[in-house]
Amino acid sequence: MIHLRSFKHLSGAVAIAAGVLTSFAAQAETSVVVGYQQIVGPFISAIADGRFDAAAKEAGYTIDWRQFSSGGDISTALASGNVPIGVIGSTGTTAAATRGVGLELFWILDNIGKSEALVAREGSGIEKPEDLKGKNVGVPFVSTSHFHLLVGLEQVWKTDPREVNILNMKPPQIVAAWQRGDIDAAYVWPPALSELLKSGKVISDSETIGAASVPTFDGLVADKEWAEQNPKFMAAFTKVLADAYADYKANGSGWKADSPQVQGMVKLIGGDAEGIVQALNLLSFPTVDEQVSDQWLGGGAVRALEASAKFLVDQKQIDTALDDYAPLVNSSYAKEASK
């Protein structure tokens with residue numbers, strides 16, 4: 001079980017020695033658990049190179065980084081109060097918030113596009129999405145991949161999902177099942193996707209499905225109450241994000257397999273350097289100005305959450321949608337970081 005260690009500020013402590021009253025003030029840093037997943041991009045690179053840790057320390061905090069296998073696990077940790085900040089995809093964010101988790105989306109980590117794909121294993125007999133009938137397909141449930149797999153089946157390929165054996169698997173489980181030959185196809189993201197492509201081929205992806213429905217994204221969410229109580233941390237954290245994304249826009253084309261940024265990601269999330277470079281090229285990373293625009297935190301993210309909610313209701317993943325998803329999106333931290 002993950003515990004958030006919280007230390008109260010100590011001040012006015014009094015020591016009595018040899019009849020002399022001595023007072024002193026001491027302050028302990030507050031430890032914050034931040035949950036991340038096996039995704040790639042400027043966020044992960046900035047974790048690896050210590051920029052977040054340095055900024056947090058200056059603000060009076062230490063970050064306890066925890067890697068999770070799925071957004072569902074992070075949602076559970078958020079709901080329990082153990083993790084105040086974490087990485088969740090757009091569909092998982094919708095599901096968690098609708099179920100009552102008091103979160104807010106404050107940064108778009110990436111526009112998923114081609115980086116989440118439906119891959120068929122060599123020898124599976126699957127040449128096109130319509131061939132999935134009767135096949136075993138692995139996907140992390142209540143993830144953006146799950147959302148687009150079901151949207152693709154129902155809306156794009158006109159295939160009844162009940163005719164496909166869809167299995168709930170986390171990315172590492174997908175890789176293991178693929179290697180054993182237990183599944184015929186999978187819908188997942190790197191580095192698992194990169195591993196599957198060594199013996200499989202893409203038959204569709206989230207760029208194609210998103211163009212026919214609604215795009216998906218990975219985002220950073222915070223416990224709303226915690227964020228309000230820790231504005232100094234939120235400002236410092238989001239400023240690092242803004243700088244890291246600006247740096248990627250200016251220099252990301254030079255991130256190669258032997259670059260320190262890529263090597264840092266390999267160390268943090270696993271996979272191989274070439275696969276991470278490949279994954280980076282499949283994603284887009286909104287700058288802070290794009291974050292606050294109508295495309296994302298200024299409106300587009302709310303529309304995406306609304307569309308996800310409708311779909312989740314249709315799929316009976318949630319009972320009813322919220323009346324308004326706008327309160328779940330907070331652009332104020334990004335706006336401040338853009339100044």
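Me: In which loop is Lys158 found?
Reply: The model is predicted: local features need pLDDT of at least 70, side-chain atom pairs count only at pLDDT 80 or more, and totals for chains, interfaces and linings use all residues. Residues are numbered from 1 along each chain as its sequence is written, and side-chain values use heavy atoms, without hydrogens and water. Helices (H or I, at least four residues) and strands (E, at least two) are DSSP runs numbered from the N terminus. Lys158 belongs to the loop between helix H5 (144–156) and strand S9 (165–168).

Me: What is the phi of Lys158, and is this residue buried or exposed?
Reply: Most residues other than glycine have a negative phi. Lys158 is not a glycine, yet its phi is positive, about 50°. Residues are buried under 20% relative accessible area, exposed over 50% and partly exposed in between (1.4 Å probe, protein chains only). With a relative accessible area of 64%, Lys158 is exposed.

Me: Which residues does Glu163 contact, leaving aside its neighbours within four places in sequence?
Reply: Glu163 also lies in the loop between H5 and S9, and Glu163 is partly exposed, with a relative accessible area of 39%. Contact means heavy atoms within 4.5 Å. Leaving aside neighbours within four places in sequence, the contacts of Glu163 are Leu132, Lys133 and Gly134.

Me: Which residues of helix H4 are buried?
Reply: Nine of the nine residues of H4 are buried, so this helix is largely enclosed by the rest of the structure. These residues pack against helix H3 (71–80), strand S5 (85–89), strand S6 (103–111), H5, strand S12 (217–223) and H14. The buried residues of H4 are Ser90, Thr91, Gly92, Thr93, Thr94, Ala95, Ala96, Ala97 and Thr98.

Me: How are H4 and H14 oriented to each other?
Reply: Helix H4 (residues 90–98) and helix H14 (residues 300–314) pack with their axes 9 Å apart, at an angle of about 70°. Axes are lines fitted to C-alpha atoms, for helices over the stretch in contact, with angles running from 0 to 180 degrees between N-to-C directions. Angles under 35 degrees count as roughly parallel, over 145 as roughly antiparallel, 65 to 115 as roughly perpendicular and the rest as oblique. H4 and H14 are therefore roughly perpendicular.

Me: Which residues of H14 make the contact with H4?
Reply: On the side of H4, the contact is made by Ser90, Thr91, Thr93, Thr94 and Ala95. From H14, the residues making the contact are Leu305, Ser308, Ala309 and Leu312.

Me: Which elements do the buried residues of H11 pack against?
Reply: In helix H11 (residues 260–269), the buried residues are Val262, Gly264, Met265, Val266 and Ile269. They pack against strand S3 (30–36), helix H1 (42–48), strand S4 (61–67) and helix H12 (273–280).
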